[in-house]
Amino acid sequence: MRKVLIITCSLFISSLYAQEHFSGINTTRRTGILNASVNPAELSNLSNRYEVNIFNTSLNVSNNKISFKDIVKGNNVEDLIFEGDKPVNMRLDAEILGPSFAMKKDKWTFAVTSSAKVKANLIDVDVNLGNALRNSFIGSAMIASANNQRVNAVTWGEIGFSASRIVFEDDVHKFSGGATFKLLFPGSYANISADKFTGTVTNVLGDVELTNAHAALNVAYSGSLADGFTDSSNFNQFFGNGINGYAVDLGVNYQWKDTSDDSYKINAGLSVRNLGSMTFKADNNVSRDYSLSVQGLQSFDLNQFEGVDNIKEIEQILLNSGYATVVDTKKDFKVKTPTVLSAYADVRLHEKWYATVYTQQKIVNDSENNLATAQNIITITPRFSAETYEIYSPWSSNEISGLTGGIGFRYQGFFIGSGSIITALVNDTKQADAYLGFRIGF
């Protein structure tokens, strides 16, 4: 169980990447399929008649406990995760945009895209519970959390079909609308949660006991993640289980053209993304709700969880204890996709100088079980944008990690960047990230 609680941190250290995907380049003036991942209506602004996406990847991490400097200095990460009194929140998010194609035809633009997603999270984990499970204190500690504490991971693949149309256009104004319909391929899933957890943890000479405890528990798993969190190969399952879900992106776009050249004064958009869900149906599927109750002179031996990172073993320990009662069991279960509302405006300041304001706001609460997570983000990106190259610097306020600043570069269809490298080098940032990609327009 100790490994389960710190798995996201372990992934952070081994990969050390970021949070908003493709920060800065996803609103570039060189419009392509990547822009359509933020707003499908952007396909109407495609810079070329045809575009082929070869490969784009973005890996991101953010947390509210561990800084970049802590890792560089070699500080004990496990101690830092569970120090203080704030609940632990960590996010690991990876996205791969695979082979994709887009084309213009009169007022219409169409695209076919492919992608793979990975998310792993610690959400509102109580520090006293974490310290108890890793046997790191002597004495007693109270646990009284109003949150739904979750250790959660999910993988899936997507095939998207997009269409965008110019609704109105004259010499000065242009309005477009677009939509993307996604076929979802659930890969693997695991969730352990404890809602409204209360109790007392006592450690006497290494014997850790839980007393006077109550909580609503959920244990759910499907596919390879049921076999453990610490093996990175368990996160590689994407398209193997077939189509078992759907999602939709909807968006609108407006351009105020600059009549002095082919650019614009303002390019603005609004979109709702990931409206949908997917059903997990693997052979090992299970989702069970439990009621945990340890009363009176009863005590639950937490040493049993030492070294366990298999969710099925954790569930068996709960059942064998006699303190967890099954409330509900499901064979197949749905997981909602991370629905977000996005808005942005890219403003031409002077000649080749631009600035973009972008915001992403999640529509659902991360505390719900059977839900893939998202973050609230606000980003400002000044950029110098020429025809063949571009230099930009995204600065973000992230829900989990706070302020981050980075830099990116584009030449033709190739780009590379980070949304946090500047603050990682000069400040005590709690986020790190990197991305790169290549596409061809003709």
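This is a predicted model: local features need pLDDT of at least 70, side-chain atom pairs count only at pLDDT 80 or more; totals for chains, interfaces and linings use all residues.
Student: What volume does the largest pocket have?
Tutor: The largest pocket comes to about 820 Å³.

Student: How many residues line the largest pocket, and which lie nearest its centre?
Tutor: The lining has 37 residues, and those nearest the centre are Arg 29, Asn 45, Ser 47, Asp 262 and Ser 263.

Student: What's the lining like by class?
Tutor: There are 18 charged, 13 polar and six nonpolar residues in the lining of the largest pocket.

Student: Which strands each supply at least two residues of that lining?
Tutor: Strands S4 (108–125), S6 (148–169), S9 (245–257) and S23 (431–441) each do.

Student: Switching to Asn 310. Where does Asn 310 lie?
Tutor: Asn 310 is in the loop that runs between strand S12 (300–301) and helix H6 (311–321).

Student: Does Asn 310 count as buried or exposed, and why?
Tutor: Asn 310 counts as buried because its relative accessibility is 13%, and the cut-off for buried is under 20%.

Student: What lies 2.8 Å from the backbone nitrogen of Lys 312?
Tutor: A polar atom of the Asn 310 side chain.

Student: Now strand S2. How many of its residues are buried?
Tutor: Nine of the ten residues in S2 (residues 88–97) are buried, so the strand is mostly covered.

Student: In what sense does S2 pair with S1, and over how many bridges?
Tutor: S1 (residues 50–63) and S2 are antiparallel, with eight bridges. Leu 92 in S2 has Val 61 opposite.

Student: And how many bridges between S2 and S4?
Tutor: Nine, also in the antiparallel sense. Ile 96 has Ala 116 in S4 as its bridge partner.

Conventions
Residues are numbered from 1 along each chain as its sequence is written. Side-chain values use heavy atoms; hydrogens and water are left out. On a 1 Å grid over the protein atoms alone, a cavity is a set of points where a 1.4 Å probe fits but cannot get out, and a pocket is an open set with protein on both sides within 12 Å along at least five of seven lines; lining residues have an atom within 4 Å of a point. Grid points are joined across faces, edges and corners, and a volume is the space filled by probe spheres set on the points. Helices (H or I, at least four residues) and strands (E, at least two) are DSSP runs, numbered from the N terminus. Ala, Val, Leu, Ile, Met, Phe, Trp, Tyr, Cys and Pro count as nonpolar, Asp, Glu, Lys and Arg as charged, and the others, Gly among them, as polar. Buried means under 20% relative accessible area, exposed over 50%, partly exposed in between (1.4 Å probe, protein chains only). A polar contact is a pair of N or O atoms within 3.5 Å; within protein, one must be able to donate a hydrogen and the other to accept it, and residues adjacent in sequence count only if both atoms are side-chain atoms. Two strands pair if DSSP finds at least two bridges between them.
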